[in-house]
Amino acid sequence: MTVVEQAVPPEAARVAPPGEAAALPLEQTAREAVASARTGMPRALARFAALSDPTRLELLVAIHAAPGAPVKVLAAATGLTPNTTTQALAALRACGLVERVRDGRLSRWHLADDTAHELLHQLGAGHSPLHPEH
(Lines give C-alpha, C1' and ligand atoms only; values in the text may rest on other atoms or scores of the structure.)
Protein backbone atom coordinates (compact mmCIF):
# COMPACT_ATOMS: atom_id res chain seq x y z
CA MET A 1 0.00 0.00 0.00
CA THR A 2 1.37 3.40 -0.96
CA VAL A 3 1.46 6.45 1.30
CA VAL A 4 -1.36 8.04 -0.75
CA GLU A 5 -3.56 4.94 -0.37
CA GLN A 6 -3.02 5.00 3.41
CA ALA A 7 -4.00 8.68 3.70
CA VAL A 8 -7.23 8.42 1.66
CA PRO A 9 -10.16 6.48 3.12
CA PRO A 10 -11.39 3.70 0.81
CA GLU A 11 -14.80 5.34 0.18
CA ALA A 12 -13.12 8.61 -0.86
CA ALA A 13 -10.62 6.83 -3.13
CA ARG A 14 -13.37 5.08 -5.05
CA VAL A 15 -13.48 6.18 -8.67
CA ALA A 16 -17.02 6.39 -9.96
CA PRO A 17 -17.84 5.01 -13.37
CA PRO A 18 -19.10 7.54 -15.94
CA GLY A 19 -22.62 8.68 -15.07
CA GLU A 20 -22.27 7.67 -11.42
CA ALA A 21 -20.01 10.54 -10.36
CA ALA A 22 -22.96 12.74 -9.46
CA ALA A 23 -24.48 9.95 -7.36
CA LEU A 24 -21.59 9.85 -4.87
CA PRO A 25 -22.48 13.13 -3.09
CA LEU A 26 -26.15 12.10 -3.15
CA GLU A 27 -25.32 8.75 -1.61
CA GLN A 28 -23.22 10.37 1.11
CA THR A 29 -25.97 12.88 1.88
CA ALA A 30 -28.54 10.09 2.06
CA ARG A 31 -26.29 8.00 4.35
CA GLU A 32 -25.81 10.97 6.70
CA ALA A 33 -29.56 11.63 6.78
CA VAL A 34 -30.31 8.01 7.66
CA ALA A 35 -27.63 7.96 10.35
CA SER A 36 -28.92 11.14 12.00
CA ALA A 37 -32.56 9.95 11.88
CA ARG A 38 -31.81 6.60 13.53
CA THR A 39 -31.93 8.03 17.04
CA GLY A 40 -35.55 9.14 16.63
CA MET A 41 -36.73 6.09 14.73
CA PRO A 42 -37.86 3.94 17.69
CA ARG A 43 -40.22 6.67 18.91
CA ALA A 44 -41.51 7.34 15.40
CA LEU A 45 -42.06 3.64 14.76
CA ALA A 46 -44.01 3.29 18.00
CA ARG A 47 -46.24 6.19 16.98
CA PHE A 48 -46.76 4.82 13.48
CA ALA A 49 -47.70 1.46 14.97
CA ALA A 50 -50.19 3.14 17.31
CA LEU A 51 -51.72 5.08 14.44
CA SER A 52 -51.95 1.99 12.23
CA ASP A 53 -54.42 0.26 14.54
CA PRO A 54 -58.07 1.12 13.67
CA THR A 55 -59.20 0.87 17.30
CA ARG A 56 -56.57 3.30 18.54
CA LEU A 57 -57.18 5.64 15.61
CA GLU A 58 -60.91 5.73 16.40
CA LEU A 59 -60.09 6.55 20.00
CA LEU A 60 -57.85 9.41 18.88
CA VAL A 61 -60.67 10.79 16.73
CA ALA A 62 -63.07 10.51 19.68
CA ILE A 63 -60.62 12.23 22.05
CA HIS A 64 -60.04 14.95 19.46
CA ALA A 65 -63.79 15.59 19.23
CA ALA A 66 -64.45 15.31 22.97
CA PRO A 67 -61.30 16.26 24.89
CA GLY A 68 -61.43 15.23 28.51
CA ALA A 69 -63.77 12.30 27.90
CA PRO A 70 -63.46 9.44 30.41
CA VAL A 71 -63.06 5.78 29.42
CA LYS A 72 -66.78 5.02 29.71
CA VAL A 73 -67.67 7.77 27.21
CA LEU A 74 -64.86 6.79 24.81
CA ALA A 75 -65.91 3.12 24.99
CA ALA A 76 -69.54 3.98 24.21
CA ALA A 77 -68.55 6.33 21.37
CA THR A 78 -66.36 3.72 19.68
CA GLY A 79 -68.41 0.61 20.49
CA LEU A 80 -65.56 -0.94 22.44
CA THR A 81 -65.63 -2.54 25.84
CA PRO A 82 -64.20 -0.43 28.66
CA ASN A 83 -61.39 -2.99 29.09
CA THR A 84 -60.40 -2.81 25.40
CA THR A 85 -60.61 0.98 25.54
CA THR A 86 -58.36 1.11 28.61
CA GLN A 87 -55.77 -1.15 26.98
CA ALA A 88 -55.75 0.89 23.76
CA LEU A 89 -55.45 4.14 25.72
CA ALA A 90 -52.50 2.70 27.63
CA ALA A 91 -50.75 1.95 24.33
CA LEU A 92 -51.47 5.47 23.04
CA ARG A 93 -50.20 6.96 26.29
CA ALA A 94 -47.03 4.86 26.22
CA CYS A 95 -46.01 6.40 22.90
CA GLY A 96 -46.94 9.94 23.94
CA LEU A 97 -50.04 10.48 21.80
CA VAL A 98 -52.51 10.99 24.68
CA GLU A 99 -52.33 12.04 28.28
CA ARG A 100 -54.49 11.19 31.24
CA VAL A 101 -55.69 13.80 33.71
CA ARG A 102 -57.10 12.52 36.98
CA ASP A 103 -60.43 14.00 38.04
CA GLY A 104 -61.35 12.33 41.29
CA ARG A 105 -61.95 8.69 40.41
CA LEU A 106 -62.15 9.41 36.68
CA SER A 107 -59.35 9.55 34.18
CA ARG A 108 -59.98 12.15 31.49
CA TRP A 109 -58.13 11.75 28.21
CA HIS A 110 -56.61 14.45 26.00
CA LEU A 111 -54.42 14.53 22.91
CA ALA A 112 -50.82 15.14 23.91
CA ASP A 113 -49.15 15.42 20.53
CA ASP A 114 -49.51 18.30 18.06
CA THR A 115 -48.36 16.16 15.14
CA ALA A 116 -51.07 13.58 15.82
CA HIS A 117 -53.55 16.44 16.11
CA GLU A 118 -52.56 17.68 12.65
CA LEU A 119 -52.75 14.15 11.25
CA LEU A 120 -56.31 13.82 12.56
CA HIS A 121 -57.17 16.99 10.67
CA GLN A 122 -55.63 15.48 7.52
CA LEU A 123 -57.89 12.47 8.00
CA GLY A 124 -60.92 14.75 8.13
CA ALA A 125 -61.46 14.90 11.90
CA GLY A 126 -62.84 18.37 12.41
CA HIS A 127 -63.34 20.24 15.64
CA SER A 128 -66.49 19.80 17.68
CA PRO A 129 -67.96 22.54 19.87
CA LEU A 130 -66.21 20.80 22.78
CA HIS A 131 -62.75 21.23 21.25
CA PRO A 132 -60.74 24.15 22.67
CA GLU A 133 -59.74 26.88 20.27
CA HIS A 134 -56.18 26.89 18.96
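**Entry 1: Arg-108 and Asp-103**

I began with Arg-108, which forms a salt bridge with Asp-103. The closest N and O atoms are 2.7 Å apart. I noted that this is a predicted model. Arg-108 has 27% relative accessibility, so I wrote it down as partly exposed. Asp-103 comes out at 40% and also counts as partly exposed.

How many salt bridges does a search of the whole structure find? I got 3. I took the other pairs in turn.

**Entry 2: Glu-27 and Arg-31**

Glu-27 forms a salt bridge with Arg-31. Here the closest N and O atoms are 2.9 Å apart. I checked where the two residues sit. Both lie in helix α3, which covers residues 23–37. They are 4 residues apart, about one turn of the helix. Glu-27 has a relative accessible area of 34%, so it is partly exposed. Arg-31 reaches 53%, which is over the 50% cut-off, so I listed Arg-31 as exposed.

**Entry 3: Asp-113 and Arg-47**

The side chains of Asp-113 and Arg-47 meet in a salt bridge, at 2.3 Å from N to O. This pair links distant parts of the chain, 66 residues apart. Asp-113 is in the loop between β3 (106–111) and α8 (114–122). Arg-47 is in helix α4, residues 41–52. Are these two residues buried or exposed? I found both Asp-113 and Arg-47 buried.

**Entry 4: His-117**

I moved on to helix α8, where His-117 lies. His-117 has a relative accessible area of 11%. Buried means under 20%, so His-117 is buried. Which side chains does the side chain of His-117 contact? One is that of His-64, in a polar contact at 3.1 Å. Another is that of His-121, in a polar contact at 2.9 Å.

**Entry 5: a nonpolar patch**

Val-34, Met-41, Leu-45 and Phe-48 make a nonpolar surface patch of about 390 Å². Which element gives the most to the patch? I found that α4 does, with 3 residues. I picked out Phe-48, which is found in helix α4. Its relative accessible area is 56%, so I put Phe-48 down as exposed.

Key. Residues are numbered from 1 along each chain as its sequence is written. This is a predicted model: local features need pLDDT of at least 70, side-chain atom pairs count only at pLDDT 80 or more; totals for chains, interfaces and linings use all residues. Side-chain values use heavy atoms; hydrogens and water are left out. A salt bridge is a side-chain nitrogen of Lys or Arg within 4 Å of a carboxyl oxygen of Asp or Glu. Helices (H or I, at least four residues) and strands (E, at least two) are DSSP runs, numbered from the N terminus. Buried means under 20% relative accessible area, exposed over 50%, partly exposed in between (1.4 Å probe, protein chains only). A polar contact is a pair of N or O atoms within 3.5 Å; within protein, one must be able to donate a hydrogen and the other to accept it, and residues adjacent in sequence count only if both atoms are side-chain atoms. Patches are made of residues with over 30% relative accessible area and no salt bridge: like charges are joined within 9 Å, nonpolar side chains (Val, Leu, Ile, Met, Phe, Trp, Tyr) within 5 Å. Accessible areas come from the Shrake-Rupley method with a 1.4 Å probe; for residues, only the protein chains shown count as cover.
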